[in-house]
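This report covers a helix crossing, a chain interface and several local features. The structure is shown first.

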Amino acid sequence: MTSPYLLEMRGITKDFAGVVALGGIDLRVREGECVGLCGENGAGKSTMMKVLSGVHPYGSWGGEILWRGEPLRAASVRDTEAVGIVIIHQELMLVPQLSVAENIFLGREPHNAAGLIDFDRMYIESARLLAELRMGHIDPTQPVSRYGGGQQQLIEIARALSKDAKLLILDEPTSSLTSTETATLLRLVHDLKARGTACVYISHKLEEIEEIADTVTVIRDGRFVGEAPMGELTRADIIRLMVGRDMSNLFPREAHEIGDTILQAVGITCLDPDNPARRRVDDVSFSVRRGEILGIAGLVGSGRTELVSAIFGAWPGSHSGEILLDGRPVRIRTPRDAVRLGICMVPEDRKHHGIVPGLAVGYNISLSVLGDLTRGGLIDEARELSDIDAAISRLRIKTASPLLPIANLSGGNQQKAVISKMLGPNPRILILDEPTRGVDVGAKYEIYKLIFALVREGLSIIMVSSELPEVLGISDRVLVIGEGRLRGDFVNDETLTQERIMAAAINAQPISELSAVSHS
Amino acid sequence: MTQGPPPAAISPAVAEAAIGERRRTFRAEHIKTLFSRYKILALLVAIALLWALFAHATDGDFLTARNLSNLLRQMAITGMLACGMVFVIIAGEIDLSVGSLLGLLGGISAILDVQFHLPLALNIAIVVLAGGLVGAFNGYWVAWLRVPSFIVTLAGLLAFRGILLGITGGVTIAPVSRPLVAVAQSYLPTVAGWILAALVFATLATTQMMSRRKRAAFNLAVPPLWADLARLAVYAIGIFGFFAILDAYRGVPLPVLVVIVLLGVLTVMARRTVFGRRIYAIGGNIEATRLSGVNVQMVKLLVFVLMGVMAALAGISTTARLAAGSPSAGSLQELDAIASCIIGGTSMRGGAGTVFGALTGALIMATLDNGMSMLGVDTYWQMIVKGGILLLAVWLDVATTSRR
Ligand SMILES: Nc1ncnc2c1ncn2[C@@H]1O[C@H](COP(=O)(O)OP(=O)(O)OP(=O)(O)O)[C@@H](O)[C@H]1O
Ligand SMILES: [Mg+2]
């Protein structure tokens, strides 16, 4: 029996304790083809891929999977890897302490006759593989933790390839990559395609889908919506299929009043906790006004996260500089101090810093305000639940129940819950570090609307973002950070372009020249 | 858009049928989820089986009211420690020093009684305060000085025992006064026992019914009424059975009463107080909790304070039970307490566990001790069996929770 398809998934159904996550989805992949899988947060993309890769074993889902025309009934990831299906998960799965080579060969370490690991062979093979992927600059003998999130993603891909993948599944691979790294990754996928490896590519960044996909499959709320060759679709078409309605304007800019200066940061310097000789942030000063949206742009690793963590009292290393709130100096040594002063932060790394995975969604949300919800020493359950309900409907968090562990939510919905949590204490200044990472277009729009609603109430927003269209789309003012230094402070008017921001971020133009165009 | 295939979204009915189909074919998975969902039930079944086994082997002697009362008294001390330990483990830490601390505090209590003739209330107050302070000391080292709790409390395990040997000169402190002995040897009058039983049941029944109303009000899944009524019936049988047995022999022993009160108070603390919720949050992800504006160091410190107070109660009970302060009191008790928590379903990774579970674990340990002693099993065999049971319990737990 021959089939034109490498993979056919037919009518896949999957429920979690009675809540239907997939209600009959089809997905087909031809040899050497790249299929873009699109859908909103919680649509079921990751679940679909977990079904395919055997994370959810055969029998725990319904429908049929055909691999080269033959039924595939995998009991575990091992079985699917054996036929050549390799998945790279949304969350990184490397062992940070082990070397790059050890990670690449984890579980399949080459060994010699005496049963000892053959490190020479492992290093040589890894180096060959990395060079082939144009990643020759990565040293296979170094621990993975030496490399940033983006490089680690590429290492994951090298690992996948060392397993001789016929079908590679990439679940939001670029959500923590810089634009250069993203370009490298996309080129890599192109190379692979040329070599005949098929792939399923999941991303909320539609420009990537446009660039890489041959066919697009769209799902919504666990149902199959449609499939079409990329050539026949525009970005607007995909959005319409995903969201179920037209979305012409991606950035709902709204007029809002900007008041007096509320926060001033003066000469913030952060030292690397492991290597105090290295300045991660070097003498950065800026100010934020009431009702202002301040965008912070710059390359990943340029010191933006360090800067805002220091302001929030969360930077682990030592730091110096002064913070003035309403003109008065304040001491912020812990996040608790910051929250009490009305400064809240939604951290960048959701998995490690944002969620308490085993705790219910609702209890994650109420964690920041629990102290205010007591009556007679006990938590007032009724009030807590009604606050949680309000938060869930305000941000339209998709969850079967407020008491479901948050780990079971899709990535984007987890993000919304974390934002809810940090809105709880009614901050005056809200710091958002990459707030729309892994969030779908519709939800992004909602987050932007929320940002505008908040500034209209007089909140100030500091938003770190690597997506320049987003920075330009909603900020009132843009700071550019490069190599730990302030490289520019621009008013966001018509003259500000992505090119100007990038130029400021990359090259070391003297600040004096920049401040000629910047706003005092 | 021209769609490649027909929009073959499967109809809900077909999807539902497919799901139903696989339900039938997937029994093993089903049993696993049942087991992991009703873990506590499984533990209670295990206790019932053990009791039946021992009853059979001892020709019914095991199941006499006298022996069961005795068993519960034996369990009380481990139970007190487990009540504190469960929160330490939920917070993602460990406390190896509690056995030595129990000995030290029990010794102090004996010295205060025998040498200084302090009245009982003052004696208890001082010892509890000392327990809290030592707990705070441990907690300070763990939370602020960032020394792993394993190390801090391992140091305590040695040092506290050393202090105890120093202050007692290595000899037993005896005889302790009557009031102190009464702490372990007195019983609640029968009438009071029944009133207590009725109170406990009434509280459980009202909270359950209130929780139904609340869940309905917030559109949460409400279990069917019959299920809740059945559960209440089980509670009623359990509670009244428990008190009936104890009353058949002299009444509720005071240490057992203390454990029952602790169970109630600490369960409310775990579920309904800010402190309790934060303990679970810290165990689940301390960084995320810290970044939510919680003073995580203080929470950790207080968890160790609670542990210290529990060690104080256990120490006083031990001294009262032995009617003496013994320099070896409490040796290896920390391991029994940890084992109780683990058998009772507390996750070593932190973030999950209940007081009821930990006490059930303690009851299993006490059952093994008591039953095997009655059968005259050699001590070395008792240790081997307890080790084996611990391993088995954790394996069952790991094997039945899903891989992710
Ligand atoms: N283990 C689980 N238990 C319960 N519900 C789950 C579980 N895993 C996923 N779900 C639910 O299934 C639905 C689909 O989730 P999935 O992670 O597949 O979404 P997604 O399309 O990948 O979204 P995102 O773009 O946000 O990553 C969600 O509503 C989620 O809450
Ligand atoms: Mg996903």
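## Helix crossing in chain B

In this predicted model, α6(B) passes α14(B) in a right-handed crossing. A crossing is called right-handed if the near helix is turned clockwise from the far one by less than a right angle, and left-handed if anticlockwise. Helix α6 of chain B covers residues 120–143 and helix α14 of chain B residues 296–322; their axes come within 7 Å and cross at roughly 145°. Axes are lines fitted to C-alpha atoms, for helices over the stretch in contact, with angles from 0 to 180 degrees between N-to-C directions. Helices (H or I, at least four residues) and strands (E, at least two) are DSSP runs numbered from the N terminus.

On the α6(B) side, the residues in contact (heavy atoms within 4.5 Å) include B:G131, B:G132, B:G135 and B:G139. Their counterparts in α14(B) include B:F304, B:V305, B:G308 and B:A312. By class, the residues of this contact are 14 nonpolar, seven polar and one charged. Ala, Val, Leu, Ile, Met, Phe, Trp, Tyr, Cys and Pro count as nonpolar, Asp, Glu, Lys and Arg as charged, and the others, Gly among them, as polar.

## Interface of chains A and B

Contacts link 63 residues of chain A with 43 residues of chain B. The two chains bury about 4200 Å² between them, with 62% of it on carbon and sulfur atoms; buried area is the accessible area (1.4 Å probe) lost on putting two parts together, summed over both. On the chain A side, A:R336, A:L367 and A:I379 lose the most area to chain B, together 12% of what that side buries.

Three salt bridges are counted between the chains, a salt bridge being a side-chain nitrogen of Lys or Arg within 4 Å of a carboxyl oxygen of Asp or Glu. A:E384 forms a salt bridge with B:R277, and the closest N and O atoms are 2.7 Å apart. The side of chain A that touches chain B has 31 nonpolar, 19 polar and 13 charged residues.

## Strand β12 of chain A

Over all chains, the structure holds 37 salt bridges. A:R280 and A:E306 meet through their side chains in a salt bridge of 2.7 Å, N to O. A:R280 lies in strand β12 (residues 279–289) and A:E306 in helix α9 (residues 304–312) of chain A, so the pair ties together parts 26 residues apart in sequence.

A:D283 is also found in strand β12 of chain A. Leaving out residues up to four places away in sequence, A:D283 touches A:G267, A:I268 and A:T269.

## Backbone in chain B loops

B:A174 and B:P175 are joined by a cis peptide bond, with omega about -5°. B:P175 is found in the loop between α7 (149–168) and α8 (178–185) of chain B. B:D59, not a glycine, has a positive phi of about 55°.

## Conventions

Residues are numbered from 1 along each chain as its sequence is written, while chains are lettered from A and ligands numbered from 1 in the order in which they are written. In this predicted model local features need pLDDT of at least 70, side-chain atom pairs count only at pLDDT 80 or more, and totals for chains, interfaces and linings use all residues; side-chain values use heavy atoms, with hydrogens and water left out.
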